[in-house]
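User: I have a structure open and want to go through a few points. Can you take them one at a time?
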Amino acid sequence: QVELVESGGGLVQAGGSLRLSCVVSGNRFRINGMGWYRRTPGKEREPREMVARITSEGTTDYIDAVKGRFTISGDKSKGIVSLQMNNLKPEDTAVYYCAADFDNNSGRWGQGTQVTVSS
C-alpha cells in the first residue's frame with residue numbers, strides 16, 4: 001500500500017523558517033509529479049491550495065504568495081520531496097499536505113502536517 005509520510009511542521013515566529021519533508025513508501029509505479037498543498041483555517045470545505053510542485057517534466061511551479069520565500073526540491077525517482085519555507089508569515093499558517101501522482105493514473109495524499117506562524 002502506497003503511503004506518503006510527512007515531517008517537519010511546527011510552530012515558528014514570523015520571519016522564521018521550517019523545512020517539510022515527504023517520503024513515498026510502498027510504491028511500484030513511476031512518479032509523475034510531487035508537490036505540496038495547504039488548507040488554511042476556516043477553509044476546510046474548500047479544495048487544498050497548491051503551494052509548490054515538481055511537474056512531470058521536472059520543472060517547478062509556485063503560487064505567487066510564496067515565490068522567493070519557499071523552495072521545493074526532491075528526487076521523484078526516490079519518492080522524496082521537501083519544501084524549504086523561509087521568511088514565514090502568519091498567513092502561511094495551514095495544514096500542509098504532500099501529494100504524488102503516479103503513471104497508473106492514481107494519486108495519493110499525505111496525512112498533513114500543521115504549520116503555525118505566530119505574529
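User: How many disulfides does the count come to?
Analyst: The count comes to one disulfide. Keep in mind that this is a predicted model.
User: Which cysteines form the disulfide, and how far apart are their sulfur atoms?
Analyst: Cys22 and Cys98 form the disulfide, with 2.1 Å between their sulfur atoms. The pair links distant parts of the chain, 76 residues apart: Cys22 is in strand 3 (residues 18-25) and Cys98 is in strand 9 (residues 94-102).
User: Is the link of Cys22 and Cys98 left-handed or right-handed?
Analyst: Left-handed, with -80° about the S-S bond.
User: And are Cys22 and Cys98 buried or exposed?
Analyst: Both Cys22 and Cys98 are buried.
User: Switching to Asn32. Where is Asn32 found?
Analyst: Asn32 is part of strand 4, which covers residues 31-39.
User: Why is Asn32 called buried?
Analyst: Because its relative accessible area is 16%, and buried means under 20%.
User: What is Asn32 in contact with, leaving aside its neighbours within four places in sequence?
Analyst: Asn32 is then in contact with Thr55, Ser56, Lys76, Asp101, Phe102 and Asp103.
User: Now strands 7 and 8. How many bridges join them, and do they run parallel or antiparallel?
Analyst: Six bridges join strand 7 (residues 70-75) to strand 8 (residues 80-85), and the two run antiparallel. One of the bridge partners in strand 8 is Ile80, paired with Asp75.
User: What lies between strand 7 and strand 8?
Analyst: Four residues; the two strands form a hairpin. Gly79, in the turn, has a positive phi of about 70°.

Note on methods. Residues are numbered from 1 along each chain as its sequence is written. This is a predicted model: local features need pLDDT of at least 70, side-chain atom pairs count only at pLDDT 80 or more; totals for chains, interfaces and linings use all residues. Side-chain values use heavy atoms; hydrogens and water are left out. Two strands pair if DSSP finds at least two bridges between them. Buried means under 20% relative accessible area, exposed over 50%, partly exposed in between (1.4 Å probe, protein chains only). Contact means heavy atoms within 4.5 Å. A disulfide is a pair of cysteine sulfur atoms within 2.5 Å.
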